[in-house]
Amino acid sequence: MSKVPEIPSDNWLDRVRTAISRPFTAGNLLDYGLCPRKFLLSQFAAREQMRALGRFRALHSALRATLVAADKMGGPAALSLEWLRDEFLRNFDGAACADTLEEEQTLRQGLRMLAEFQASQQDSSCELIAADFRFEENVEDLRFAAVADRVECSPQTGLIVARFDSRREPLGPTRLVRDLSMGLLVLLAEAYYGKRPTARIYSLHKNAIYDARLEDADLARVRSRALTVARSVRADAEFNPAPGDHCRWCRVRSDCSAWQERRRSLLGPGGN
C-alpha cells in the first residue's frame with residue numbers, strides 16, 4: 001500500500017496558520033464543524049481532489065459554469081439554446097459518471113434544466129447587476145468571503161443575491177433562513193451594499209424560484225455561528241479527526257490517516 005501523504009512538511013502548523021489567514025467561507029466552517037482534520041487537509045489538497053465527485057456534483061458544476069458564462073454575455077434569454085448546450089457539454093465531466101448510460105441520462109437532465117431555465121428568463125423583470133460575484137468583508141476581527149452566482153435587482157423585491165441549485169430537494173424559504181452559507185452571503189452583501197438583500201434560490205430541477213428575507217435575529221445567529229467556528233479554527237493546534245459516516249463522501253479521505261486506519265480495520269489483517 002502506498003504511503004498516505006499527511007501534511008508534506010514538518011512545519012505543518014505554520015502552514016495551517018498561513019492558510020487560515022485567508023478569508024473564511026461557509027464551506028470552511030462546515031468542514032471544520034464536521035471534522036477538523038477534513039478542514040485541515042482541504043487546505044493542501046491537490047486540485048484534482050477538489051473536483052466534483054459523483055454525477056450530481058458534476059452536473060451542478062457544469063450547470064453553474066454554463067449559466068455564469070451566459071450571464072456574463074447578457075443572460076440565458078439573450079443566447080441560443082444551442083450555445084447553452086455547447087457550453088454545458090464543454091463543462092460537463094463525464095468521467096464522474098459510473099457508465100455511459102448514466103452519463104447520457106445526466107446530460108439529458110442537464111439540457112432539460114437549461115432549456116426550462118432559459119424559457120423562464122424570457123419575461124424576467126430582474127436586472128442583472130453581477131455574475132459570480134465574490135463578497136469579502138471583515139466581521140469584527142475576522143475576514144469572511146461568499147460568492148453569489150447572481151446579484152440582481154427587481155422592482156418588486158429590490159436587491160437580490162442568488163444561487164443556482166440543481167438538487168431534487170432545493171433550499172426552500174424555511175431552509176434558506178437557516179442555511180449558514182446563504183446567511184453568510186446575505187450578511188456580507190449587506191455590509192458591501194449598505195442594504196439588506198433578499199436571498200434567492202433558482203431551483204433548476206424544479207424550475208422554480210424561492211426567496212427569503214432574513215431578519216435581524218437570523219443574521220445575528222449567522223454572525224455568532226461564523227465567528228465562533230472561525231475562532232475555534234484559529235485556536236486549534238491539533239485538528240483531530242472526527243471519523244463517521246461522512247468519511248464515505250470526504251473529498252480528502254485518501255490523505256487522511258484516520259480513514260486509512262479505519263479502512264484497514266474494515267478489511268481485516270493483510271488488507272490494503
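Are Tyr32 and Phe39 buried or exposed? Both are buried (under 20% relative accessible area, with a 1.4 Å probe and protein chains only). The model is predicted: local features need pLDDT of at least 70, side-chain atom pairs count only at pLDDT 80 or more, and totals for chains, interfaces and linings use all residues. Residues are numbered from 1 along each chain as its sequence is written, and side-chain values use heavy atoms, with hydrogens and water left out.

**Aromatic pairs**

The structure holds 13 aromatic pairs (ring centres of Phe, Tyr or the six-membered ring of Trp within 6.5 Å; edge-to-face means planes over 60 degrees apart). Two of them involve Tyr32 and are edge-to-face.

| Pair | Centre to centre | Angle between planes |
|---|---|---|
| Tyr32 and Phe39 | 5.9 Å | 85° |
| Tyr32 and Phe239 | 6.2 Å | 85° |

The pair of Tyr32 and Phe239 links distant parts of the chain, 207 residues apart. Tyr32 sits in helix α2 (residues 26-34), a DSSP run of H or I with at least four residues. Phe239 lies in the loop between α9 (216-235) and α10 (257-267). Relative accessible area is 13% for Tyr32 and 0% for Phe239. Elsewhere, Phe133, Phe135, Tyr192 and Tyr193 form one aromatic cluster.

β1 and β2 pair in the antiparallel sense over eleven bridges (pairing takes at least two DSSP bridges; strands are E runs of at least two residues). Glu137 has Phe144 in β2 as its bridge partner. Two residues lie between the strands, and Glu140 takes a positive phi near 55°.

Notes:
Rings of Phe, Tyr and Trp (its six-membered ring) pair if their centres lie within 6.5 Å; planes under 30 degrees apart count as stacked, over 60 as edge-to-face and the rest as tilted. Buried means under 20% relative accessible area, exposed over 50%, partly exposed in between (1.4 Å probe, protein chains only).
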